[in-house]
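Please read the following explanation with the sequence and the model side by side.

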Amino acid sequence: AASLALAFYVFGSLQKRVTTPLARMTEVAREVMASRNWALRAPETDYEDVRVLVEAFNGMLSECEVRTNELEREMVIRREAEQGLRLADRRKDEFLATLAHELRNPLAPMTSAVAVIQMPAATRPAREKAVAIMERQLQHMVRLIDDLLDASRIATGKLSLTRQPLDLPALLRSTVELAQPLAQRNGLALSLASGEEGLFVDGDSVRLTQVFSNLLHNACRYTPHGGRIDVALRRVMGTEGAPGVEVAIRDTGIGVAAEMQDRIFDLFEQADKTLERGSAGLGIGLTLTRQLLQLHGGTVSITSEGLGRGSCFTVGLPLLEARTAAAVVTSAPAIDPRSLRILIADDNQDLTDSLAELLRVLGHRVEVASDGEAAVRAAEQHLPDVALLDIGMPRRNGYEVARHLRSQEATRGIQLVAITGWGQASDKENAMTAGFDRHLVKPIGFEQLIELLDGLFQVA
């Protein structure tokens with residue numbers, strides 16, 4: 001009886017100290033496998049040998065929990081990355097489709113206009129109308145391409161500003177005047193209310209004109225016939241007490257939904273993506289507007305009460321102290337009336353022919369060349385006042401031609417102008433290093449050509 005009692009005591013003690021902890025550890029293992037809950041732990045025990053086993057088991061669970069959490073986080077990050085890639089891929093496809101649509105749109109009327117001009121029976125008014133159509137559509141294509149290039153330059157940090165004191169009311173008046181023809185064609189009333197004069201900002205006139213032109217073109221595009229666009233300028237006080245100016249462009253157009261107002265300045269975002277939207281751009285203009293204003297230390301925001309209730313874009317810029325009129329360039333110098341000798345060198349024959357004809361109409365004497373070697377020979381034979389040189393020419397590129405002309409005594413004084421499709425800051429720097437006096441990006445318009453000659457030869 002004593003032996004049996006001792007055996008029961010020993011068995012109970014072993015069960016309490018060994019078997020029970022092992023059984024609980026087994027239950028935890030089963031629950032972990034069933035629920036995948038790696039935070040569960042086996043209860044501790046005071047029996048040395050079993051405690052080591054339980055601690056090892058719990059340590060294994062802790063390691064599994066850490067590894068599992070890391071894997072789950074990596075999976076979440078990977079899923080988010082995959083979703084971002086799918087979204088970017090979808091937006092890329094949408095952008096390419098939109099780009100093709102926007103480029104084909106102006107090509108169609110240009111093709112028809114060319115056909116009208118080529119018709120022998122076409123009347124003079126019909127030809128003039130066709131030319132006007134081609135000019136309008138070409139300007140639209142140039143604006144699309146310029147927006148793409150500017151967005152790329154800003155993203156890569158290669159866009160530089162030429163700052164000077166600007167009379168903002170005067171700049172707004174000229175921008176509104178440029179937008180008036182578009183507003184009239186769309187049956188819109190466009191007005192400017194500038195109650196205060198002498199408001200100067202430190203900015204790049206070309207880029208700020210681009211900002212306000214983008215906003216006005218958007219307002220004209222998205223405002224139905226019979227609507228109105230009001231532009232207002234006022235002096236304000238900034239958040240830090242610094243003086244500033246605000247330009248509000250308010251329209252009675254289609255408006256912007258509340259959920260879209262936070263995203264409308266994102267790249268390639270458009271408020272209206274339906275097929276009925278017509279020619280509505282690439283979704284770059286507002287992004288470019290915000291980026292250009294940020295480079296000027298300014299801001300842009302939108303307010304709209306919803307779809308069909310119009311919208312208001314507000315541009316804020318820091319204000320300069322009062323400047324005298326002499327500090328601001330208000331007028332361009334007069335055009336030199338001389339008949340210039342001009343050399344045009346480009347392997348694009350259509351460009352050289354059209355540009356040469358335009359310059360001859362202005363009264364200048366023009367020579368053309370189709371490659372770099374021919375350009376050097378023509379320059380040495382005719383000694384032009386101005387040489388308009390392409391960069392990417394066969395036999396000698398524009399840089400080599402410029403360096404050669406600058407190295408010769410007879411041709412050293414020629415005014416060299418690079419007219420090229422390469423428009424990065426590094427391209428301009430390379431042109432100046434090679435000896436060019438000016439660097440222009442294709443295409444150049446009639447007014448830009450006049451301004452070029454005016455800037456090269458000013459009347460004393």
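What follows is a walk through the fold, beginning with the whole protein and ending with a helix and its surroundings.

This is a predicted model, in which local features need pLDDT of at least 70 and side-chain atom pairs count only at pLDDT 80 or more, while totals for chains, interfaces and linings use all residues. Residues are numbered from 1 along each chain as its sequence is written, and side-chain values use heavy atoms, with hydrogens and water left out.

The protein has 11 helices and 12 strands, where helices (H or I, at least four residues) and strands (E, at least two) are DSSP runs numbered from the N terminus. Of its 460 residues, 37% are buried; buried means under 20% relative accessible area, exposed over 50%, and partly exposed in between, with a 1.4 Å probe and protein chains only. Among the contacts in the protein with a separation of 6 or more, 68% are between residues 24 or more positions apart, a contact being heavy atoms within 4.5 Å.

Strands of a sheet pair through backbone hydrogen bonds, either parallel or antiparallel. In this sheet, β2 and β4 pair in the parallel sense over 6 bridges, and S194 has L233 in β4 as its bridge partner. By contrast, strand β4 (residues 228-237) and strand β5 (residues 243-251) run antiparallel and are joined by 9 bridges. D230 has R250 of β5 as its bridge partner.

The axes of helix α4 (residues 168-185) and helix α5 (residues 205-221) come within 9 Å and cross at roughly 40°. That angle makes α4 oblique to α5, since angles under 35 degrees count as roughly parallel, over 145 as roughly antiparallel, 65 to 115 as roughly perpendicular and the rest as oblique. The crossing of α4 past α5 is right-handed, which is the case if the near helix is turned clockwise from the far one by less than a right angle, and left-handed if anticlockwise. From α4, residues including L168, L171, L172, T175 and V176 meet residues of α5 that include S205, L208, T209 and F212. An α-helix has 3.6 residues a turn, so residues three or four places apart point the same way.

A further open sheet of 5 strands has the order β9-β8-β10-β11-β12, with parallel pairing. Because β9 (365-369) and β12 (438-441) stand at the edges with a single partner strand each, one side of each is left without a neighbour in the sheet. Neighbouring strands here are turned by 20° against each other on average, direction ignored. The parallel pairing of β11 with β12 extends over 4 bridges, and within it T420 stands opposite V441 in β12. T420 lies in strand β11 and is buried, with a relative accessible area of 1%. Leaving aside residues up to four places away in sequence, T420 touches D390, I391, H439, L440, V441 and K442. Helix α10 lies across β11 and β12, running at about 145° to β12.

The last stop is helix α9 (residues 398-407), whose buried residues are G398, Y399, V401, A402, H404 and L405. The cover over these residues includes α8 (372-382), β10 (386-389), β11 (415-420) and α10 (425-434). The axes of α8 and α9 come within 9 Å and cross at roughly 25°, and the two helices are therefore roughly parallel to each other. Their contact is made by G372, A375, V376, A379 and E380 of α8 and by V401, H404 and L405 of α9.

Key
Two strands pair if DSSP finds at least two bridges between them. Axes are lines fitted to C-alpha atoms, for helices over the stretch in contact, and angles run from 0 to 180 degrees between N-to-C directions.
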